[in-house]
Structures are given as C-alpha cells and as structure tokens.
Amino acid sequence: LLPDGLVPLYRAPRSDMPVTQFARKYVEAAGLVKFDCLGLKTLTVLAHAQDLVRRAGGTLDLGNLPLDDRATYEMLGHGDTVGVFQLESSGMRDVLTRLRPDRFEDIIALVALYRPGPMDNIPKYIACKHGAETPDYMDPSLEEILKETSGVIVYQEQVMQIAQVLSGYTLGRADLLRRAMGKKIKSEMDAQRRHFVDGAVARGVPESRASHIFDHVAKFAGYGFNKSHAAAYALVAYQTAYMKANYALEFLAASMTLDLGNTDKLTLYRQEIARLGFRLLPPDVNRSAATFTVETAERGERAIRYALAAVRNVGAGAMDELVKERERGGPFRDFQEFARRLDTKVLNKRQLESLVAAGAFDSLESNRARVFQSVQNKIPPARAGPTAGGDGAQSARRGATARPCRVRRAARRRPAEARRR
C-alpha cells in the first residue's frame, strides 16, 4: 500500500497530461477530485456565430444573454429546434410542444428528465406546470425544495436537500445517502432508512410519512441527475436557441461551417433555411469564403453564401488559398485570369471541374460547358490530379503533378541526347 496522498502516475505517449493509475474510487480516497471535462463542438458554433454577428456590426455578448427572451421560448414551444443543442431530436421536439417552456428552469428540468427512467416523470411535470394536476410535495416542509420542479424530484441536489430539511442530515451525510441510494446495497439502505426516519420523526413528521418519503426518494435517486450539470447543458441549449430565434442566418451559417463534410447535416440545414424563408446563395469564386458566410444579396435581403470548402472534392486547404489570392489581387475577371493567378499545384483539374459543376464560376461565365472546355485546355493531362476525391493539398501530393512532368521532360530529352551521341 502507498502512503496516504501518494498516487502512481502514467505518462501517456500522446499527451503531456499525467494520468493516474488508480480508478476513481481509489483516487478519491487518496484525496483527489474527479472532474469530467467535455469538449463540445457547439461551443465553437456559438463562437463562430457571435463573430459573424459582430462582423455585421452587431454587439452580441453570449455571456450576458437575457434568459427571458420571448422569441426564444416561442420558438422552443413550437418545436423549431433544428440545430439547437440537446433539444433537436424528434422526441424532444414533441415534449417541447407539450411543455411550452417559458423560463430557464424548464429547460434545466427537461435536460435532466429526458433520459431513460426520469422520462416517466415528464407527463406529471407538464401536467403540474399547466395546472392539470396539483403538485404533491409530500410534506409542507418540502414545498420550497420541490416547487421549482412542480413537485417532481428531478435533481440529486433535491435528494440531499430533502434529507437535510426533513431529517436533519448534514450536506456531507446527505451526499452519502444519495450514493447509498444509487448503489442499492441493502445493508446500507436499511441503516440509512433508520437514520432518515428517526431524524424526520424527531422533527415532528409522522413515521409512516417519513418512510413513504424515503421510499419515494430512493426510487428516484437511482437515476437522478445533478442540477449543476443539467444547468450547464441547459445554458448552452438556451444560447443556441437564442441565436436561432434572433440571429438565424448567422447561427445556421456557423452550424453548417462546423459540418462542412457531413452531407446529411448540410441537407437538413438547407431544408431549414428554406423553411424559414431565407435564401442559400450558390458558391462563387468571387464572393464565397472557404466557410459559410452571411451577406446582403442584390435585392437587399440578407442570405447565406455557400462555402467553397463544402463543395465536394475540392478541399479546405485549396479553398483557403483561393480566398487569399482573391484578397491579394482582387476579384477574378474571368476564368482565364483565374487560371493564371492560381497555380495548378493549388488547384488541379478535378478540383476545378468540381467548382465548375457547383456553379462557382457562373458569375464569370454562365456557360458551364465553355468553362469545362477551358479547364481541359488550361490543365494538361499530367496535371489533372487524382481520380479519387480528397483534400486539395493531399490530392496535389497524391496526384500526378510533379512526377509525370519529370517523366515527360526526360522523354523529350532522350531524342536530343541520342542525336548528340
């Protein structure tokens, strides 16, 4: 056994972070605390959407959003949650239309309840919220704890508060009660029941009621969710809902950017853009960025411009270089100038053909067949690129761009060398 406070470490080969060789239970006994650190793509979506709003002159601050925005709750009540974190599944949308949330606490509760086990309490939560049922607080002293969730035990913190208020537990001992209820170990449960009931009786609660409350709490505690976790998730859900309700174009453009390579998700977002009555402008070598952006169209309405990097078989790296060249030298006047300014090491024949097929050159030449022919004439077969798709930079490396050229030059030299001999 190691002395108290010492934990053996392991150095992961691909990380600088030390890793304990003890599992959670033993790590906690050694004095360490376990934290779950989650990386969410949604946070990047929100940051990108906020940046798009600011580029357009807005002053959005995601850290200080009003939590009582009417447009946000109306949108949630209609189940219009495509792209909204935690709330976009068909089952969740059905619950939202029945719940009609009108406060942030409803979202926290829904995040905690919408899981196997707690889902059984969703109908009661909805019925009590809208007055179809009367909340059952089980004891008058528990009303303050359960009022927020309409008499339904939703959070692990409520379990601990009930033990504290009803039976005089300290919060430390209440946490041990919560753990014992989760493990369902009979000997521990029997000991906790006796302590819980005795404490409640000492505070004037009838023994039968105290025993009933213990059984009810124990049933819930096995699948309870901690409120701090649910609140953090609910805040991200609310932020995405707020963005969609108030800055739909920026939010959808950011969402599509983070799903550039996911055809199914892009199709879903395109349908949502159409449903909301917005336009999705086609890719354009003179207007598009590598990512999805928001711009003002010719008729004055704001729209989303399709990302160049979302076109199949072109690659994000190559599109970044295209945009950089446009920013350096100005808009392209025609395809011939485009071909002169962008080296074939940046864009090969396959990538150019994909851009033509997507309409990215339509603003320069509306006749796509003519542009296709220009591609054939400008890019020799040896520089046509690979036959398989992939990132542009990788395609240039994998394709026959350098080696075949050397082969052709060697072939041309051979007759001259033979004549010299």
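I take a cavity to be a set of points, on a 1 Å grid over the protein atoms alone, where a 1.4 Å probe fits but cannot get out. Grid points are joined across faces, edges and corners, and a volume is the space filled by probe spheres set on the points. The model is predicted: local features need pLDDT of at least 70, side-chain atom pairs count only at pLDDT 80 or more, and totals for chains, interfaces and linings use all residues. Residues are numbered from 1 along each chain as its sequence is written, and side-chain values use heavy atoms, with hydrogens and water left out.

**Entry 1, cavity.** I looked up cavities of 30 Å³ or more and found one. The largest cavity holds about 40 Å³. For its lining (residues with an atom within 4 Å of a point) I noted Val95, Leu99, Asp106, Ala109, Leu110, Leu113, Ile122, Tyr125 and Ile126. Helices here are DSSP runs (H or I, at least four residues), numbered from the N terminus. At least two lining residues come from each of α4 (90-99), α5 (104-113) and α6 (122-129), and α5 has the largest share, four. I sorted by class: Ala, Val, Leu, Ile, Met, Phe, Trp, Tyr, Cys and Pro are nonpolar, Asp, Glu, Lys and Arg charged, and the others, Gly among them, polar. This lining has eight nonpolar, no polar and one charged residue.

A pocket is an open set with protein on both sides within 12 Å along at least five of seven lines. Of its 25 lining residues, I noted Arg24, Gln156, Arg178, Arg179 and Asn226 as the closest to the centre. Helix α9 gives the most to this lining, five residues. The classes are eight nonpolar, seven polar and ten charged.

The second largest pocket has about 350 Å³. I found 16 residues lining it, with Leu266, Tyr306, Ala310, Val311 and Arg312 nearest its centre. Helix α14 (residues 263-275) supplies the largest share, four.

I fitted axes as lines to C-alpha atoms over the stretch in contact, with angles from 0 to 180 degrees between N-to-C directions. The axes of α10 (residues 186-202) and α11 (residues 207-221) come within 9 Å and cross at roughly 135°. That makes α10 oblique to α11, because angles under 35 degrees count as roughly parallel, over 145 as roughly antiparallel, 65 to 115 as roughly perpendicular and the rest as oblique. For contact (heavy atoms within 4.5 Å), I listed residues of α10 including Met189, Phe196 and Val201, and residues of α11 including Ile213, Phe214 and Ala218. By class, this contact has nine nonpolar, two polar and four charged residues.
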